[in-house]
Amino acid sequence: MLGSGIIKGMVETARNFVGSYIDENRLVTVEYPEERLPLKEASRNFPFLVYDGDDAAKGLRCVACQICEKECPPQCIYIIKDTAKKPDYIGKMQLQPKVFDIDLSVCMSCQICVEVCPFEAIKMDTEYELSTSDRFEGLLLHKEDLWKSNQYYHKIHPTEAAEVDARLAEEKAKAEAKAKADAEAKAKAAAEARAKAAVPVPAPTPSPTPQPVKTA
Amino acid sequence: MSVEVEIPSSKTYSVLPKMGPDGGVEGEVLEVAMGPQHPSTHGVFRMDVVLDGETVVKLKPVFGYLHRNHEQIAESTSYLGSMPYTDRLDYFCSLTNNWAYALSVERLAGLQAPERAEYIRVITAELTRLVNHTCLAGFLLMDMGALGTPLMYAFREREKILDLFEALTGARMMCNYMRFGGCRVDLPAGWLEQARKIVAEFPRFLDEYENLLTTNEILLARTQNVGVLPRELAINASITGPMLRASGIDYDLRKVDKYGIYERFDFRVPLGDHGDVYDRYMIRILECRESLKILNKALADIPAGPIIDPKAKIRGFRPKAGEAYGRIEAPKGELGFYLISDGGPNPYRYHVRAPSFINLTILEDMCLGHTVADVVVILGSVDIVLGEVDR
Ligand code: SF4
Ligand code: SF4
């Protein structure tokens, strides 16, 4: 019958219309900003820098190695190295960034910087309400705007952050064990050397010239 | 002091003489520029059409408005660095773009994705196909004047799949997920259950969609025998994907190339026999149903294990000199990446064989003799994304 297809379609639309009052699956609209969906754990938006401890400037994990700057496809990271060094999480002296800027208006949220960073220093944020009326400065974030604590990282990506922490702790333990082993080996080598030195050559005799005795 | 400013007259149409068979002027034809800011052109795309009354007598597609030097940029960034750019080719199907690119780099560097990664790739690619095909049907209907309803139903379902993508890759559309020799992250907890649920519910939506559209008389009147693409022309113009299969040619790279692990799945390749717009619509719905079969099996069989080849590396990736071509059956057709490496950190040559672009080249042949309103529908049925056409 001519028109039966249209009627079938109409029935379908009506079912959806009525269904939207009773069926959760058909009522999918979320009234942003009054309502918000919870973010997925994996969701990503723009990068931020992680710091450990309470002092952001001191605890910044970034060592200004500039790998991310080189790898970022649209080249939106800008780093200047500082001349002073500070110890990193395993106690090695490392450089730190003097300037670390990310231009969010250029960043395409690709996460390549996170993947290439060997120091777990840069991670993806989930903050998305970033609109600003200032087209140039407003979206150019500096080191001070970018650093966020490890606790914050744990809050937004709990699983990933826990993995990262475990990895860092493992590395640290390894480094410490290595340092200890190194120290022991050094001590042993030194002791051996001393022992070796002690056998053929007699211990140096006290100097013949007596120290001047302080008199009262 | 006054300055004279000459405003260039922008001409959007011109009237040309119509020549009769004996060489004399018979009447007038109208040359119109459709687009680039025309809502029906799926982006910034222009068609210079010559109309005799309402009938199209000549059509010239003009593209390049969205050109952003993709290939040149890829040749100057690292191999990994152009992975996120491939997302932006066909921004509806970023995961299949990722796969095609990863596949050709894997061929170049001799990497092999592990079992689990292959399964993840199949699952995400087939989900992408569902998204693309249902939305395409929605857009096609929108081009016919069904403002919104079918498209919104398609978007409702697409949203669920995009949620899956977000939970897995972190982004809804620009996924940047596949890596050379595997995938970036493993599936999060509960993802497979969620995916199974969505796949199980999808046939119901397809039935609903078909109830709404497939037998609708207006749709039939607007699409049957419109924009017929003959078999020979389709082959000669190297058309691929649903467009080619709608003309009745059994050519699906998932069957022909058997890349990845596609030989393990049992599915059929739907074929049309008229090659008109209606066949192209129908093929897509049928392909969705076949994709669901693949998905059901893949979601049931996916093994545990590593997700990336241990030989793969993130920093300092330099494949040895050589060339490789990797192609997959993207939702729009054969998507291929041709790479030449000179041993350096970035490709010496990088070329994309974009299905939208090549499928668009026969637009004129399909449109001649039809009315302007049909041109819009025919263009809609080609399924183009300008990000991929212009690159
Ligand atoms: S964020 Fe990471 S890769 Fe970038 S400079 Fe700092 S340590 Fe290096
Ligand atoms: S997310 Fe991508 S574009 Fe943004 S800073 Fe990192 S590497 Fe650059």
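**View 1. Strand 1 of chain A runs parallel to strand 6 (residues 147–149) of chain A, joined by 3 bridges.** Strands here are DSSP runs of E with at least two residues, and helices are runs of H or I with at least four, numbered from the N terminus; two strands pair if DSSP finds at least two bridges between them. Look for A:Val50, which stands opposite A:Lys148 in strand 6 of chain A. This is a predicted model, where local features need pLDDT of at least 70 and side-chain atom pairs count only at pLDDT 80 or more, while totals for chains, interfaces and linings use all residues. Residues are numbered from 1 along each chain as its sequence is written, chains are lettered from A in the order in which they are written, and side-chain values use heavy atoms, without hydrogens and water.

**View 2. Strand 1 of chain A also pairs with strand 4 (residues 122–124) of chain A, in the antiparallel sense over 3 bridges.** Here A:Phe48 faces A:Lys123 of strand 4.

**View 3. Chain B meets chain A, with 34 residues of chain B in contact with 30 residues of chain A.** Contact means heavy atoms within 4.5 Å. The rule finds 3 salt bridges across this interface, each a side-chain nitrogen of Lys or Arg within 4 Å of a carboxyl oxygen of Asp or Glu. One of them joins A:Glu115 and B:Arg179 (2.7 Å, N to O).
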